[in-house]
Amino acid sequence: MPPFRPLLRAVLFLALSVIVLHGLVVVYLGTTLFGSILGNALQIFSSFFAAAMCFRASEKNPGFTQAFWVLVGCGMGMWGIANLGWAYYEIGWHIEPPVGSLIRFLFDTNGMFLVMAMFLNQDKRDSNVDLAELLDFMQIGILFFLIYFGAYYLPTMSLGHAEALAREYQVITLETLGIFVLVLLQWFRSATPQARRLFGGLTAFVLLYGSLSALVARVQITQETPTGTWFDLAWSFPLLCAAIWAAAWQPQPAPADGKRKSNRTLSEILINNTMFSFAPMIILIQVAQMGPDQKLIRFSLLGLSFGCYGVRIALAQYRQQQDQETMRRQTLAMDSSIEGIGILNEKGIHVYANTALASMLGFESAQAIVGKHWQVAYAFQVTKQLEATVNMALEKEGKWSGSLHLKRPGGSGIPVEMQVSRMPDGGTVCVCRDLSEHHKSEQLRAEAETKYRMLVEQVNAITYIAEIGIKGKWYYVSPQVEAILGYTPEEWLSTATDWDLHVHPDDLPAVVAAEEQSLRGLPFQAEFRVRRKDGREVWLSDTAVIVKGSDAHPVMEGILVDITERKALETQLQQSRKMEAVGRLAGGIAHDFNNLLTIITGYTELALNRPQLPQEVRGDIERIENASGRAAALVRQLLAFSRKQVLQPKILDLNKIVLNLDALLRRLMDERIEMLTRIKEDLGKVKADPAQIEQAIMNLVVNARDAMPGGGRLVVETSNATLDASYAVDHATVKPGRYVMLAVSDNGAGMDAQTLAHIFEPFFTTKESGRGTGLGLSTVYGIVKQSGGYIWVYSEPGKGTSFKVYLPRVDDQPEDVPATHQSPQKQAARETILVVEDEEAVRELIQTVLREKGYEVLVSRDPTEAERTASQFQGEIHLLLTDMVMPGISGRELATRISARRRDIHVLYMSGYTDNVITSGGMLEHGLAFLQKPFSPGTLAQKVREVLDQTPAT
């Protein structure tokens, strides 16, 4: 109230001044004209002054109080308007308003506004007039009009002046008494302290105003009382009191305990309905007293009144239905809530409980709780310690909350969070939230934090927190920094602002670019090399995210992973892919080249076999034959590298091959080279082509010899080896398992990393021109790979080189390699041979050689022609000689089709490039006859005779 004290003092001073002025007017001017003018002016001022204070009070609080003060202010202002009309008659015509004048009705309307204020909804939250209030106001207006019209105006038409005044006095007295009773009833019925204060003040005003007005009206019956007497204060004084009351009024805050008087008792409901029906009943009585000549007025007003009453009742029922529907929905919502909800009345008895609460307390249903006292429902709980605490909190703050462990009848328990709140009617609401899942999630979170902490501290990676920027400050680095970079966390943090000095200069731009990207809000991602404390370099993968913090110093949280091994594996995989690509290229070249070499080799041999060949021509042809031989050897090396040569694998004892080659290899050594052979006694067996393995060993030994031009030591050794998963991690293409190892090591010049990256590539050599083709190691690589093995090289400049070959170990016994023998050539060959070759020059060469040997030769340029020839030829065809790679179908498919018609036919395949058509992994199928291009006429004749002498497969 302190902000309004100056206004209240001003209102008190002004009210006292009006009273003093009234006294001065009565003493000095009396009932003179000027005295009447001043007296009426003071009364009118008092009325409007009171109305202004009421309107000002309405601005202090919205809702019910605002509407209340507006209606009271309208009543005060209406009295002033009526007094203006009274002053007009009194001053202008020197008479009182005549009996039945509208001026006298206007004086009664101030009471109408007061009654409207009594029928306001005390739960209003805004200043809008709703339909129910409007209907009530219409009823009150009709009632006051009928009181004036039926109880005063009509009777005075047949009464004298004195009797009319007496009638007016009687009506005013009864009307004031009725208003007083209504406002007194509302005072006692008020639901809130705020409403009780308002209706209490209004009761005092009606009592004061009604008493004084009744007193003056009684005097006016017996004598005329013009303005300018002490009776003027009977009107001004109540109005000035109303102004003081309005100026002093302040909104009252809601009580802390939230208590509110209930209007839902049976007596209160009866009183409410009686008040609603009070106006129609009075109107009915008034209408019944009217004469038959007022039929239109009385039935119109009566119909309007009952219509308003009917709509009011219907509206009340509709609102009741809406309230019931709202309550039903709220009840359904509370019933479906996962939180336990219980409502207790002021006596502590449950009037509502939902299923969740019943489940928490261990009851079968919610109905088992309703009607029980809280001490009975919570009988299994320790309530005595909490009761005093809860009651104290409810009295002080109106609510209490805390965590409890509820016990159930069966002995089980459940953790809950309970909140108890006091309701306005004195009851309480109890809400319980099941904390079981919360506790479980908290436990899981704690376990997750523990696991995360263990992960951060034990994972092979560095976690860190640092400011963004290449020179940003580091706040944290995990202990793994010592294992990965060699620095302790303290050492690293002390120099972390210059950490870019540890980054490889070539990788620094990538780090700067990632930092700039993170400044734009994107994740930090970079891979770079860092120099360890001991000087070695390691590859790190740095991934970080920006953590929202200070705009001036954004912070990154990231992880540094050592990817040195991964980078090495990537290098190995790239090298392997490159070798595969080169191999495919080499194999493709070999196909056409072998056809050409077959033609060259064949015709040079035919030319050399001609009699009376000039010596100078023979020398030239021999040089061509020698060159074609070297070219054929070169092609074989290309096929070995590309893993497209045809192998004839056997179960081998690698020790026997090494020992058989030992004498030959030692003859290749310089006297300055010491050669040692170390073999494992219980060495496992391998499955490979013996000739190819011998070639691989010789190439490795010769390569080691050439790496030691000034002499040295060369070691050839064998052993069993088991390559496990850890070895496979370091060597990307290796399958874990049992192997036999062949190692060729030297202590020669060694190789650097750049040379090691190319040693298995065809035609790559570090030797001077003329000392090698560069196919030696590439041939070894192809032989080992085609045999299902792996080859790895370890070398350092100045320390030598070690080649290790791993071949899969098998449990079978070694096979005896049969001695190669040549079948005796028959004097005259009479068999018929079907030759299928798409290369014309090769086809003519084969036809020439075989016809010279006495064979009958049928030639076909493609599989279609061959099938037609095989079908149309009437005689027996003893041998099908077919190329493997031809347009249309393959030689293998052609042989299958022809063999279906001629079951006794022999088949001999030839090809310069198999491309896995005949073989699986380069291994020749058992029982399959194959002639590798390029071949000489002698080799062709020998192979044909060998196949024809075999018993054909059935």
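**Close-up views: cavities, aromatic pairs and a buried loop residue**

**View 1. Lining of the second largest cavity.** The residues that line the second largest cavity comprise 6 nonpolar, 2 polar and 3 charged ones. Here Ala, Val, Leu, Ile, Met, Phe, Trp, Tyr, Cys and Pro count as nonpolar, Asp, Glu, Lys and Arg as charged, and the others, Gly among them, as polar. The model is predicted: local features need pLDDT of at least 70 and side-chain atom pairs count only at pLDDT 80 or more, whereas totals for chains, interfaces and linings use all residues. Residues are numbered from 1 along each chain as its sequence is written, and side-chain values use heavy atoms, with hydrogens and water left out. The volume of this cavity is about 60 Å³. A cavity is a set of points, on a 1 Å grid over the protein atoms alone, where a 1.4 Å probe fits but cannot get out; lining residues have an atom within 4 Å of a point. Grid points are joined across faces, edges and corners, and the volume is the space filled by probe spheres set on the points. The lining is formed by Y464, A466, E467, G469, G472, W474, W499, E515, F524, D542 and M556. Strand β6 (residues 461-467) contributes the most, with 3 residues.

**View 2. The largest cavity of the structure.** Among the 4 cavities of 30 Å³ or more, the largest has a volume of about 580 Å³. Its lining consists of 33 residues, and those nearest the centre are F107, I172, Y209, S213 and W235. Two or more lining residues come from each of α2 (33-58), α3 (64-92), α4 (102-118), α6 (161-189) and α7 (193-222). Helices (H or I, at least four residues) and strands (E, at least two) are DSSP runs, numbered from the N terminus. By class, the lining of the largest cavity holds 16 nonpolar, 11 polar and 6 charged residues.

**View 3. The aromatic pair F64 and F199.** The protein has 17 aromatic pairs, where rings of Phe, Tyr and Trp (its six-membered ring) pair if their centres lie within 6.5 Å, and planes under 30 degrees apart count as stacked, over 60 as edge-to-face and the rest as tilted. The F64 and F199 rings form a tilted pair because their planes meet at 45°, with the centres 6.1 Å apart. This pair joins distant parts of the chain, F64 lying in helix α3 and F199 in helix α7, 135 residues apart. F64 counts as buried at 5% relative accessibility, and F199 is buried at 0%; buried means under 20% relative accessible area, exposed over 50% and partly exposed in between (1.4 Å probe, protein chains only). One aromatic cluster is made up of F64, F68, W69, F199, W245 and W249.

**View 4. The aromatic pair Y739 and Y790.** The planes of the Y739 and Y790 rings stand at 65° with centres 5.9 Å apart, so the pair is edge-to-face. Y739 belongs to strand β15 (residues 737-746) and Y790 to strand β16 (residues 790-796), so that distant parts of the chain, 51 residues apart, are linked. Both Y739 and Y790 are buried.

**View 5. Surroundings of D500.** D500 sits in the loop between α16 (489-494) and α17 (508-519). With a relative accessibility of 13%, D500 counts as buried. Leaving aside residues up to four places away in sequence, D500 touches I470, K471 and L508, a contact being heavy atoms within 4.5 Å.

Notes:
On a 1 Å grid over the protein atoms alone, a cavity is a set of points where a 1.4 Å probe fits but cannot get out, and a pocket is an open set with protein on both sides within 12 Å along at least five of seven lines; lining residues have an atom within 4 Å of a point.
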